[in-house]
Amino acid sequence: MGMKGVVLAAGRGSRLYPMTSALSKEVLPVYDKPMIYYSLATVMLAGIREIMVIANSDNHRILANLLGDGSKWGISICFEVQREPRGIADALLIARRFAGRDKCLLTLGDNILIGPDVGEQMSDAARNVVGSTIFGFQVSNPEQYGIVSLDEFGSPTAIVEKPDSPDSNWAVPGIYFYDSQVFDIAAGLEPSGRGELEISDVNARYLAEGRMTLHCLGKEYSWFDAGTPDRFLDAANYIRNLTESLGRCVMVPEEIAHSEGWISTGHLAQLGRSMLPSSYGNHLLAVSEGKTTSSTSS
């Protein structure tokens, strides 16, 4: 079995109003590239070339115009619409036919994960997923996220969605690896009190069956849920500072595609020239000419 990628970008972006009143949050710039580029880069770092983007009825044309069919990056992108905000796990039901019997990486269009070996983390998880693989990241406001509780040995014991009194500050970032059984699990869910199909209920099922792997990410990683003004700005500032300190762009889909051998050096140069005189276009040209160190994460 292979693995398909699913990017959920169907939120209304209400936490970013009025910025998103007429524009999808996933196309807003997070420093030098649209927000959704980071999620797509995460999927591509896992070695996945077949991706479904799930949009809403208002933003799917905008995202389709931005991304096209993925061929410019040597991948395949298709689109589906989530017509009602029925929760993250609903994306699995929408993507079921697309995934077939393959495994699945589900990620959120407003999540940004950056670290020194993100590519290795993603590719290892894709190769070795048995049941499910999730990540943990320590946050200061755990009541706003799905939270995983750990025992004294660091093993997961419970997963709760937005608990009123969290007993852990380990949030679960919106990057989830699943085997093909996830689609049956999602189909059997009942809506929560919020009227949504909760991804934490999917994860809790895998945990109860002893088929979950948790990777806790240390302080060398940075994770942003960029769906609020503060975190949106934090992400942009962080990436700007990191880009300046490294002297190169980070989490660049074109660069990942080139590194994976999905596009040629000539095609990378062509993409760079098409975006001149932007710094992004100049970076792609520099990579194609060997004038800067290529990086597929940070």
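Visitor: Why does Thr107 count as buried?
Guide: This is a predicted model, and in it Thr107 has a relative accessibility of 1%. Buried means under 20%, so Thr107 counts as buried. Thr107 lies in strand β6, residues 103-108. Beyond its neighbours within four places in sequence, Thr107 is in contact with Val6, Val7, Leu8, Ser39, Val43, Gly174 and Ile175.

Visitor: What makes Tyr238 partly exposed?
Guide: The relative accessible area of Tyr238 is 27%. Buried needs under 20% and exposed needs over 50%, so with 27% Tyr238 is called partly exposed. Tyr238 sits in helix α8. Leaving aside neighbours within four places in sequence, Tyr238 touches Ile114, Ser222 and Phe224. Val30 is 208 residues away from Tyr238 along the chain, yet their C-alpha atoms are separated by 9.7 Å.

Visitor: How do you know that the span of helix α8 agrees with what it should be?
Guide: Helix α8 has 18 residues, 229-246, and at 1.5 Å a residue they should span 26 Å. The end C-alpha atoms of α8 are 26 Å apart, so the two values agree. After α8 comes Gly247, with a positive phi near 75°.

Visitor: Which residues of α8 are buried, and why do we say that they line one face?
Guide: Phe232, Ala235, Ala236, Ile239, Leu242 and Thr243 are buried in α8. Seen down the axis, these buried residues fall within an arc of 135°, so they line one face of α8. As a rule, an α-helix has 3.6 residues a turn, so residues three or four places apart point the same way. Asp230, Glu244 and Ser245 are exposed, on the face of α8 turned away from the buried side. Among the elements that cover the buried residues of α8 are β2 (29-30), α1 (35-45), β7 (111-114) and β14 (222-225).

Visitor: What puts the buried residues of α10 on the same side?
Guide: In α10, residues 265-274, the buried residues are Leu268, Ala269, Leu271 and Gly272. They cover an arc of only 160° around the axis, so they are on the same side of α10. Their cover includes α9 (253-259) and α11 (279-288).

Visitor: What makes a set of residues a nonpolar core?
Guide: Its members are buried nonpolar residues joined through side-chain atoms within 4.5 Å. The largest such core here has 66 residues, and Trp73 and Phe177 have the most contacts inside it. Helix α1 gives the largest share of this core, 9 residues. Apart from it lies another core, of 33 residues, including Cys104, Val148, Tyr206 and Met212. Leaving aside neighbours within four places in sequence, the residues in contact with Phe177 include Met3, Ala46, Met122, Val129 and Phe135.

Visitor: How do you know that the radius of gyration agrees with a compact globule?
Guide: For 298 residues, a compact globule would have a radius of gyration near 19 Å. The protein has 18 Å, so the value agrees with a compact globule. Along the principal axes, the C-alpha trace spans about 50 × 45 × 40 Å. Buried residues make up 54% of the 298. Of the contacts with a separation of 6 or more, 75% come from residues 24 or more positions apart.

Technical notes: Residues are numbered from 1 along each chain as its sequence is written. This is a predicted model: local features need pLDDT of at least 70, side-chain atom pairs count only at pLDDT 80 or more; totals for chains, interfaces and linings use all residues. Side-chain values use heavy atoms; hydrogens and water are left out. Helices (H or I, at least four residues) and strands (E, at least two) are DSSP runs, numbered from the N terminus. The expected span of a helix is 1.5 Å times one less than its number of residues. Buried means under 20% relative accessible area, exposed over 50%, partly exposed in between (1.4 Å probe, protein chains only). The arc is that of the directions from the helix axis to the C-beta atoms. Contact means heavy atoms within 4.5 Å. The radius of gyration is taken over C-alpha atoms; the globule rule is 2.2 Å times the number of residues to the power 0.38.
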